[in-house]
Amino acid sequence: MSEAVVEVHADHADHGPAKGLTRWLFTTNHKDIGTLYLWFSFLMFLIGGTMALIVRAELFQPGMQFVQPEFFNQMTTNHGLIMVFGAIMPAFVGLANWLLPMMVGAPDMALPRMNNLSFWILPFAFSLMISTLFMEEGGPNFGWTFYAPLSTEYAPDTVTFFIFSLHMIGASSIMGSINIIATILNMRAPGMTLMRMPLFVWTWLITAYLLLAVMPVLAGAVTMMLFDIHFGTSFFNAAGGGDPVMFQHIFWFFGHPEVYIMILPAFGIVSQIIPTFSRKPLFGYDSMVYAVASIAFLSFIVWAHHMFTVGMPIAGQLFFMYSTMLIAVPTGVKVFNWVSTMWRGSITFETPMLFAIAFVALFTIGGFSGLMLAITPADYQYHDTYFVVAHFHYVLVPGALFSIIAAVYYWLPKWCGKMYDESLGKLHFWLSFIGVNITFFPQHFSGLAGMPRRIPDYALQFADFNMVSSIGAYIFGFSQLLFLYVVIKTIRSGRPATARVWEAAHGLEWTLPSPVPYHTFTTPPKITEAEAHS
Amino acid sequence: MPNVNKNWLQGVVGFGLALLAVATRADELNMTQGVTAISRAVYDLHMLIFWVCVVSGIGVFGMMAWSLINHRKSRGHAAAQFHESTQMEILWTLIPVLILIGMAFPATQVLIQMYDTGGEDMTVEVRGYQWRWQYKYLDDDYNSTFGFFSSLTTPIDQRHNRTVKGENYLLEVDNPLRIPINRKVRFLVTSEDVIHAWWVPDFGIKRDAVPGMLNELWTIVEEPGIYRGQCTELCGKDHGFMPIVVEALPEAEYDAWYAQRLELEAARKQALSQTFSADELMAQGEEIYNTFCTSCHMPNGKGVPPVFPPLDGSDIATGPRRADHFAIVINGKTGTAMQAFGRQLDAAQLAAVIHYERHAWSNNAGDIIQPSDIVEFMSGQQ
Amino acid sequence: MQQSSERHNPAATQSAVRDTARKLCLIVVGMFGFGFALVPLYDLFCDITGLGGDTGDRYTYEAAELRVDKSRLVKVNFITNTNAGMPWKFWSEKGGVRVHPGEVKEVKFYVTNTTGRRMVGQAVPSVVPLAAAEYFHKTECFCFSSQLLEPGETLEMPLRFIVDSQLPANVKSISLSYALFDVTDFAASQTLLGDTAGGR
């Protein structure tokens, strides 16, 4: 396997990072911005996780022990908002920033100044959102899905701040996506054809288009809310000829592609990691690309499966049931391809691989519960119960989150030039794996037993499941502090890493030294077939 | 058989058996089969898709487990280099599609049955409020015969862990919905404020209650009994505290109860022109206050300022202008959570609860409120 | 400080990037517009397909064209409900009627303003089963406009409707509900926005 041609600048004196805090405020370097996104998302993850632990503390036993129902609703709402918009999405953007330019042989992102703005909007937007929790009427308390009229006529005054922060977050995502697409389409090194790109680049290309398509629709929905609340319109107010159900249609037109936005980059990450530790190329690269594209396309025509109980006519119910069942097919193809990649490989079990394998298994379980939810008549019994909560936490926690953690373990040695402590990494993995299953598996049962979502207190038959789930949550939650420790310890005092880091890693980023220089691929590398994806 | 293969096989079989054992403890871990033809059809669909998933899971996880054990570098396994197979891709695209088409047929059938609301024997209106349900019975001509509110009765002491929780903690109400078995009951569901959802797991039916929109449900219950459900759409702070209790009675018992209820309704209408003693008003009023007012204004009347103002010592509840007090209870206060109780309570109930508020705790307005005062106020007089 | 892209990218790449960014912005603006377009599209979809319980606006017909199907009776029941925070009394003279498809029927509804201030109310209709909505025609309905009532005033409001003779045979009962809302504040601002308080 030939090495790519890389020209390294000898004179980095004027290219080096600025000194001090202003470096981080004004940086236009994709590596710095990637770092900012990742640390920000980790902070948000800890905040959102704390809210989850408050929820689980209250649900540990029947009866109200710690918080009032009003505050409980704020905790569930903000936990969802922060995890979706503050933790998962920015983490994936951070990974995109760090990796995409290096993976395609580009010196930086296409629009570096806009890149800086995209990041710095976020701390401002989330400070605004979180500050509403401390305001007189309390923060948003209507669920992360904020259905009207609970979120319009019946909302606390702070809903306006909530709307403004969502606008800002949306703007950040949109700008980030424009940057990502412009980079991938225009700045690939010569010879890096689309079908030679690493799968992580493909998944982010498609995800970015999804974001561009649906974040503006979310912006429209919250603007309509703003108008209903302040300017006397009646988009969602039946009194004025509007329709609360229309809110749900518009929200979920955004909402369903949104959940695929949160999982496609995960698919890309796992598709990079498994081949490396199986020492075998990714099985079915072309199919994997087509599968991701099909999933993205189908994601636009399934939205009303979130609304099966709202009172849609039967034709609508049937259409959305069929389209939702269909989306299982390309997803299944991907799972089969990952398993085939491992099959007859030469597998080792470093920490990134452990998280990636757990992803495949546990995301598949989440996919199975999703398939059950797709069956409309059965969904009448699952909808708005803990069965749904179990489903989406399986696809998001051992799904999206595990892929992010795997990515950090996989690429951190490349970014900072130091190896993490493998034993601690494995310990983190096992605690997380056990914790996540103890937390969320029983929730399938509480849902089947009849426990609704978003309730602060419950009937006695749900007690055992809830107690087990809460114990798991605390195990899982505190294990993430171990992750923080591992990352910091690595950056400060890890063993030096090699350029290749992992014996069978493929891709342009592994041809660079570890740690990667502040500027890389200032001259584009030559791409040959041997360097093509993995 | 080499050791590793035997271990693997044992592992898979063991896992499969565990799964089987778990799956057959239906009552503890699984969805209810319920007491209607629809709930059983839904349960069957659920089990069908569940087994499809289990078999698929065994296939996928089995392959993964085999691979993780046998294709390890530490066992000296060298990596093959194959990385594509159009044939396999086609196969594992087509086979799932065929399985899904197979699932779609029974699912479609059950859905069509669920949408067949015609030919009902009786109709009940179901209305969601923050935070209780109201049921109104309609006679054969669709006139409303009587209606009542169904509110959670679990005592606050149980919820605040001061006393032991009862068996039906959070799933008990003052007035359950009563319906006959073996008759097609049609439910017309809507909401008076935000979106709620009405769900009885044992009937296999759930529908959102949307303000400004009517939704339809039906059921034919086959076994008498008491069935409990909950609101399943976030509707505010007491979303978890507005349960649904349905008592399904044998036809003869239901008919008898219904007739008795009609008589009660006639008597209640007559009570509107009655006069009550202060003690009767206080007793009735306290009951109504505890059901409708305590979640915001608190049992001690102190409220939760500034959002829920105190009644104890308030000017409105003790001042001479009773009309102000009537107005706010009967008409509500726009822009706040204070609802127009004039539509939820009749004149006798309103008189009792207003009288109670004026004379409870440290209040002593020194007057007496009769149903006729309310009727006079509501017929538009200032 | 010069951006790394400016230093390392040829002008051709930079202009390609700008070009891409411009096109993508069009997508963003277009999708934002699409979000708002979903509002009338939603109504249009419901109108065309007849899905969604929308009974449409005032129905006009030629009396000579009406054919009454005397072979069957359809039960129509009326539900009146007033939204939380709307204190008016609202009731119908009858809970339900039986009509022949094609027959014109009138039912009286009543509202009373029980408060001491002038108020404006708006009734919003909704019909189930959804399949029947396109066959339920209102020729005269108080829901077509909002109603202003003085303190203490009671108003008699007629509903005149026809159940289409093409109503599918398997539909035997239709339920029509009216939800009455307080639109006093809303009506005050309507003078700026024109009459959008049409019935559905």
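Which residue of β10(B) stands opposite B:Pro180? That would be B:Leu249. Keep in mind that this is a predicted model.

**Where chains A and B meet**
- Chain A puts 74 residues into the contact, and chain B puts in 73.
- On the chain A side, the elements giving two or more residues are α3 (69–104), α7 (244–261), α10 (314–342), α11 (351–374), α12 (376–382) and α14 (422–449).
- The largest share of that side comes from α10(A), with 14 residues.
- Sorted by class, the side of chain A that touches chain B has 47 nonpolar, 20 polar and seven charged residues.

**The nonpolar core**
- The largest nonpolar core has 329 residues, and A:Ile88, A:Phe359 and A:Ala406 have the most contacts inside it.
- Skipping neighbours within four places in sequence, A:Phe359 is in contact with A:Ala266, A:Val270, A:Pro398, A:Gly399, A:Phe402, A:Ser403 and A:Ala406.

**A sheet in chain B**
- Three strands make up an open sheet with mixed pairing, in the order β4-β10-β9 (chain B).
- β4 (177–180) and β9 (225–230) of chain B are the edge strands, each with a single partner, so one side of each has no neighbour in the sheet.
- On average, neighbouring strands here are turned by 25 degrees against each other, direction ignored.
- β4(B) pairs with β10 (residues 243–249) of chain B in the parallel sense, over four bridges.
- Helix α6 (residues 251–271) of chain B lies across β4 and β10 of chain B, and runs at about 130 degrees to β4(B).

How values were computed:
Residues numbered from 1 in each chain as written. Chains lettered and ligands numbered in written order. Predicted model: local features only at pLDDT ≥ 70, side-chain atom pairs only at ≥ 80, totals over all residues. Contact = placed C-beta atoms within 7 Å. Nonpolar A, V, L, I, M, F, W, Y, C, P; charged D, E, K, R; others polar. Core = buried A, V, L, I, M, F, W, Y, C linked by C-beta atoms within 7 Å. Buried ≥ 20, exposed ≤ 12 C-beta atoms within 10 Å, placed from the backbone. Pairing = 2+ DSSP bridges. Axes fitted to C-alpha atoms, helices over the stretch in contact; angles between N-to-C directions.
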